[in-house]
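Subject: Structure for you to look at

Hello,

Here is the structure I promised to pass on. Please open it and keep it beside this email as you read.

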Amino acid sequence: MAIVLAGGLTACSVDARNATPEEKTFAFGGETLDVKAHGIPTDLVASDREDVKVTRWFDTRAGSSKTLRWELKDGALELEAGCTGLALCDARFEVEVPRGVEVLRDGRKTDLRGRE
């Protein structure tokens with residue numbers, strides 16, 4: 001019985017790595033960007049661009065109520081992706097930031113590694 005249950009859970013699992021990515025860009029002219037990802041895995045990348053580009057991967061199963069939000073306001077980039085109730089979901093983000101911009105993660109300094 002435990003094997004059947006474990007197999008059933010595996011069949012219902014979700015993985016954001018398998019999701020189709022969605023992208024959104026935000027005009028940005030500031031010197032500091034505070035990325036607030038609310039515990040969602042988020043890669044921060046220094047990039048040769050003038051705007052901020054966010055890529056989101058989100059996977060959920062039918063019957064779940066989604067909570068999706070990405071907005072940039074007053075130097076704070078708010079990223080949310082989740083589900084409520086009896087639901088399974090998984091999310092991750094990548095944020096490309098112009099080189100030279102100071103980046104905070106939830107109000108704390110962080111280092112960025114530029115792409116080679």
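First, a caution: this is a predicted model.

Five strands build it, in the order 5-6-2-8-9, and their pairing is mixed. Strand 5 (65–73) and strand 9 (108–109) stand at the edges. Each has a single partner strand, so one side of each has no neighbour in the sheet.

Now look at strand 2 (residues 32–36) and strand 8 (residues 102–105). They run parallel, and 4 bridges join them. Thr-32 in this pairing stands opposite Glu-102 in strand 8.

**The core**

Next, find the largest nonpolar core. It has 19 residues. Those with the most contacts inside it are Leu-33, Val-35, Val-52, Val-54, Leu-77, Leu-79 and Val-95. Strand 2, strand 4 (52–60), strand 6 (76–84) and strand 7 (89–98) each supply at least two residues of this core. Strand 7 gives the most, with 4 residues. In soluble globular proteins, nonpolar side chains tend to be buried together.

**The disulfide**

Last, the cysteines. The count comes to 1 disulfide. It joins Cys-83 to Cys-89, with 2.2 Å from S to S. The angle about the S-S bond is -95°, and the link is left-handed.

Best wishes

Definitions and conventions: Residues are numbered from 1 along each chain as its sequence is written. This is a predicted model: local features need pLDDT of at least 70, side-chain atom pairs count only at pLDDT 80 or more; totals for chains, interfaces and linings use all residues. Side-chain values use heavy atoms; hydrogens and water are left out. Two strands pair if DSSP finds at least two bridges between them. A disulfide is a pair of cysteine sulfur atoms within 2.5 Å. A nonpolar core is a set of buried Ala, Val, Leu, Ile, Met, Phe, Trp, Tyr and Cys residues joined through side-chain atoms within 4.5 Å. Buried means under 20% relative accessible area, exposed over 50%, partly exposed in between (1.4 Å probe, protein chains only).
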